Amino acid sequence: LVKFLGGEGHKIESNKKPYKIMLVGLFGSGKCVHKDSKIQLNDGNIISAYDLYHKYKTKEIAIEYGSIIDIRKDNLFVPSFNPNTLKIENKKATTLWKLNGKELFEVYLDNGNDFSVKVTPEHPFFTLKNGIVQQVRADQLTEDEVVAVPFNTKIDGKPQYLFDELKELDLDVKNYKLNIPKGNIKNKIIPLLKHKRNYCQLNADLKNGITPICLISNYNQSFIQIRKRGTQKVISFPTLITEELAEFLGYVIGDGHLGKNYVEITNEDQEIINKVILLANKLFNMKVGIKRDKRSKSQNLCTLVLSSKTLVYILNVLFKIPIGKKGKKLRVPQQISKSENIAIKHFIKAYFDCDAYAGNNIRSIELSSESHSMVTDISYLLKRFGIISSISKKYINNISYWRLTIKARYAEL
C-alpha cells in the first residue's frame, strides 16, 4: 500500500481480525480538469486533457465512476508544483482518469488575465496562509484567496528530427535508388507502402531513382529532396527543426496564407521581406515571386509567393497550418513547442515581428490573434524564458480577438 500511494510507511497495530483498510475519497491525487484544459508536458508539448487521455485510450479500464488508464510504464512527466521546495519540478504521471458527468467549478484569476480553469470540486489549489503553503479545495476557495501560479517553467526541449514524421506523408524522394531484386516490387515493396501507388508508375519511378519516402529506413542528411506524389516540382526540405525553419514558420503563421498550390506572406517591412526571400532559398531551394499591391496606401506592402504544392502539403499536414483562413484553428506547431529554446526564440521573434507591436511611451508589448489556443501556447513558451504575460479578450468590428500583453520589466530589451 505504501509503495502504491508513496510517502513514508508507518506500522499499524490491531488485535482485531480480519484486518481491513478503508480509503476514503475519490480515486487519484490530482483530481480532474475540463477536457479542453491545456497541459504542458516536460518535453515542452502543450496538449489538451482530452487529447492526452485519448493518446493512451487503448489501455482504458472501466471503473464505477468513469475509466482509468495506467501509464506508469510510459514515463510521462509533467511540470508540477512542489509545496516543500516552492518550485516547479518534473513529476511522473502514473494514472489518467476520466469521470462521467462530474460537476465542475470554474475558477477565475484576478491578475489581469481573462483566464479560468474548470475543475472538480475537490481539486486542490495552493494558497499561502500565515506564511504556510496550504491546499484548498476548489469548492472552498473565496475571492480573498491568493493562489500559486508558475511564472518560470524550466523546459529546455530537444532537437526535433522530422524524417520519421515526413515518412508518414505521401512524398517521393529524388536521387535515392533502392537495390530491389527483379520481380520483388509486387511481393515485397507494394505491401510496405503507406499510400496506394500505381504499379507501372511506381516501377518507372524506382528505375529513375525516385523512391517513396516510406521505403527509406535511415536518412542522415540535413536536407532531403522531395516532392508530393503526383507533382513534378522537387523542393529541398530540412530533416530537423533548425533556427531558420522555426523562423520561417513564425512568418507563415503570423503574416502567411496557404492556398492549394502556394504559400503567401504579406508584409511591408523590407527587412522581413529580405529575410523571407533568404530563408526560402536556403531551406527549400526556391525562388520567391513578389507582388506589390498598388491599391494599398503603403508603397512597401508586398506579397511574397512560394509556388509549391509540396510545401503547402507539408506545412498543412505536418505542422497543422490550415489552408485558407487560419482564424481560430491556429496553434503553435507541436514540433516547435518541443524544440530547444534557441529554435523557439527564432519562432517567437518572427511571429511577434508579424502580429505584435510595442506601446508608445509605455513598457508594453501586445500580440493579437483570433485563436485563443495560439495566444495560450505563446504564453506557455514565454514562461520558458521567465516572461510573464496576460491574456484578455477584445472586439474589432464585432469579431472577437485574444490579446496577449507583456508589461513592465518583462517587456524591456
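Trainee: How do you know that strand 22 and strand 23 pair, and in which sense?

Mentor: Strand 22 (residues 390-396) and strand 23 (residues 399-407) are joined by 7 bridges. Two strands pair if DSSP finds at least two bridges between them, so these strands meet the criterion, and their sense is antiparallel. Within the pair, Tyr 395 has Ser 400 as its bridge partner in strand 23. The two strands form a hairpin with 2 residues between them, and Asn 397 in the turn has a positive phi of about 55°.

Trainee: On what kind of model does this rest?

Mentor: The model is predicted: local features need pLDDT of at least 70 and side-chain atom pairs count only at pLDDT 80 or more, while totals for chains, interfaces and linings use all residues. Residues are numbered from 1 along each chain as its sequence is written, and side-chain values use heavy atoms, with hydrogens and water left out.

Trainee: How many helices and strands does the chain have, and what makes a run of residues count as one?

Mentor: The chain has 11 helices and 23 strands. Both are DSSP runs numbered from the N terminus: helices are H or I with at least four residues, and strands are E with at least two.

Trainee: What share of the chain is buried?

Mentor: Of the 413 residues in the chain, 42% are buried. The term means under 20% relative accessible area, with exposed over 50% and partly exposed in between (1.4 Å probe, protein chains only).

Trainee: Why is Phe 347 called buried, and why Tyr 351?

Mentor: Phe 347 has 0% relative accessibility and therefore counts as buried. Tyr 351 has 1%, so this residue is buried too.

Trainee: Why is the pair of Phe 347 and Tyr 351 called stacked?

Mentor: Rings of Phe, Tyr and Trp (its six-membered ring) pair if their centres lie within 6.5 Å; planes under 30 degrees apart count as stacked, over 60 as edge-to-face and the rest as tilted. A search of the whole structure finds 6 such aromatic pairs. Another of them, Phe 237 with Phe 284, has 5.7 Å centre to centre and 25° between the planes, and is stacked. Phe 237 lies in strand 15 (residues 235-238) and Phe 284 in helix 7, 47 residues apart, which links distant parts of the chain. Both Phe 237 and Phe 284 are buried. For Phe 347 and Tyr 351 the centres are 6.2 Å apart and the planes stand at 15°, so this pair is stacked as well. Both residues lie in helix 10 (residues 341-355), 4 residues apart, about one turn of the helix.

Trainee: What makes strand 13 and strand 15 edge strands?

Mentor: They belong to an open sheet of 4 strands in the order 13-12-14-15, with antiparallel pairing. Strand 13 (210-212) and strand 15 each have a single partner strand, so one side of each has no neighbour in the sheet. Strand 12 (residues 171-174) joins strand 13 over 3 bridges, and Asp 172 stands opposite Pro 212 in strand 13.

Trainee: What makes the link between Glu 145 and Lys 129 a polar contact?

Mentor: Their side chains are joined at 3.5 Å. The term requires a pair of N or O atoms within 3.5 Å; within protein, one must be able to donate a hydrogen and the other to accept it, and residues adjacent in sequence count only if both atoms are side-chain atoms. Glu 145 lies in the loop between strand 11 (132-137) and helix 3 (163-166).
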